[in-house]
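My notes follow the viewer.

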Amino acid sequence: MRTLALDINLVPRASLGEIPDEAVEHGEVFTRRWIIEMILDLLNYRSDQDLAALRLMEPACGGGAFLEVIAQRVSDSCRAHARNIIDAADAVSAYDLLPRNVMAAQSRVERLLTEEGWSTAEATKVAESWVRRGDYLLEQEARPSVDVVVGNPPYIRLEDVPEKRTSLYRALWPTMVGRADIYIGFFEAGLRSLKEGGRLGFICADRWMRNQYGRELRKLVSEEFALDACVTMHDVDAFEEQVAAYPAVTIIRRGEQGPAVVADTKREFNDTAARDLVSWARHNKEASKQTPTYEAARMPHWFSGDDLWPSGSPARLAALEDLTERFTVLGDKASRVRVGIGIATGADKVFITNDADLVEAERLLPLAMVRDTTSGHLSWGGHYLVNPWDENGRLIELSRYPRLAAWFRRNRAVLSGRYIAKKAPDKWYKTIDKVEHGLTGQPKLLFPDMKLSSHPVLDEGGFYPHHNLYFITSDTWDLEVLGGLLLSKVAEAFVEAFAVKMRGKTLRFQAQYLRRIPVPDPGDIKDEYKAQLASAFRIRDVDAATATALKVYGLDEWPS
């Protein structure tokens, strides 16, 4: 485990405040046995292994649902390896905050072991050795590293946790950023406790994969660990009670990233289907599998970085990863493409005008707005940017432009009240972003920020983009050909997979998502395909663009 700079043993527990019992109880969601069996199988924690020689940790054991299954496997393993159950007294460690849960879990283990033929004294000793009361996130005394971390971490809202305790959690486990649920800390603590090659298996809400508060945990997994399997179970009756948890089973290993199994289950997914999925994941080398109750795919890698992890069917995720491996993404300098965003002013009512005579003509830039792109062809609405920057990126001297100076001074209260102006009072009339000299005359593809589908629009040169428009420029691409590729459903799928979903299925075509789209070298595209893509772009034919894009990418079809 890592060495913590903060000595929590010096922090009086009474000063932290206790998490209310009702909050802990609300956070308890008990997992069905067959789900537990599946998770342990995916972790390869099986009775044919010498489990007494391994070290397993369950950070929040509740009433002992996981421990009962673990005890069964440990007992079977001891029999198979000619061991006494006492040999496994240190093989498992489990924590829980509630005393009654500790007692219930110990009783469950003890009962199972005595039913398996071990003596009462032996069963009691093992049960008491395994389960203890404590806050896993704070119990950082020199615990040995472990081979397996498993369980269903608690769903406790941070607003139910005393402020001092929350602050300590955040200090110990820095992936708990923003409005992170407490389970983020359990992920980090569990992962950092693993030996090399050790695995963590949690069933937990998958929100952290696709929201902002999960970014530091995603970064940690990408940089120091490997995702081996992710089984989405949103519609499956995985828990003893009905909860809106949107769970996924996630298997993460300390080691280099290799192939990853991704599966999506249907409501009918059950214990039989779970055993079939495990068998396929562990033994079958086929790239994908589809059954009436689940579909799965084996990906060569998992996605990197702290960006949102993609969503979609396993087949589509595998296709996204395949294209990312075979082609260069727009965010890579090798693509010879630049992705950017238009100008943010901080005071559009002052800096944007339809009046061509408002200020000196040389201080006005024709401005492209989102509404100008609605038809799929740029139709300028007559807006100008009142530009306070010279061609060298410096603020102009107001004394040189009397009409501009008069306009800004008339609106000085508004301009000076902005945060950016308060930071630099002598530059009170600057826009948030500088104007980039030369961008106005450069041909570019414009993307409205929010749209139901991919909507690239060509500006042949002459307009500066507003901040609700993203732009793509390139010195090597024919932008109509590139526009055809980006109009296709293949390109749209990358934005759909990575972007935050808005109400009504609106997508965000922001720079970080556009940069995820892979493209071939334009020199490698056949001339006939270039012509087809350019034509599809000009007439806004998405189906034709998609059909040609599939040929360019070497695909027979695009998975649903």
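I started at a strand pair: Glu58 stands opposite Ala94 of β2. The path from β1 to β2 goes through helix α4 (residues 65-80), and this β-α-β crossover is right-handed. I call a crossover right-handed if, with the strands pointing away from the viewer, the path from the first strand over the helix to the second runs clockwise. Strand β1 (residues 56-58) runs parallel to β2, joined by three bridges. Pairing here needs at least two DSSP bridges between two strands. Helices (H or I, at least four residues) and strands (E, at least two) are DSSP runs, numbered from the N terminus.

This is a predicted model, where local features need pLDDT of at least 70, side-chain atom pairs count only at pLDDT 80 or more, and totals for chains, interfaces and linings use all residues. Residues are numbered from 1 along each chain as its sequence is written, and side-chain values use heavy atoms, without hydrogens and water.

Next I checked β3 (residues 131-133), which pairs with β2 in the parallel sense over three bridges. Arg132 in β3 is the bridge partner of Tyr95.

Is β2 covered on one face or both? Both: Val92, Ala94 and Asp96 are buried on one side, Ser93 and Tyr95 on the other. Buried means under 20% relative accessible area, exposed over 50%, partly exposed in between (1.4 Å probe, protein chains only).

Last, I looked for disulfides, cysteine sulfur pairs within 2.5 Å. I found zero. Cys204 is in none, and its nearest cysteine sulfur, that of Cys230, is 11 Å away. Cys204 is buried at 2% relative accessibility. Cys230 is buried too, at 3%.
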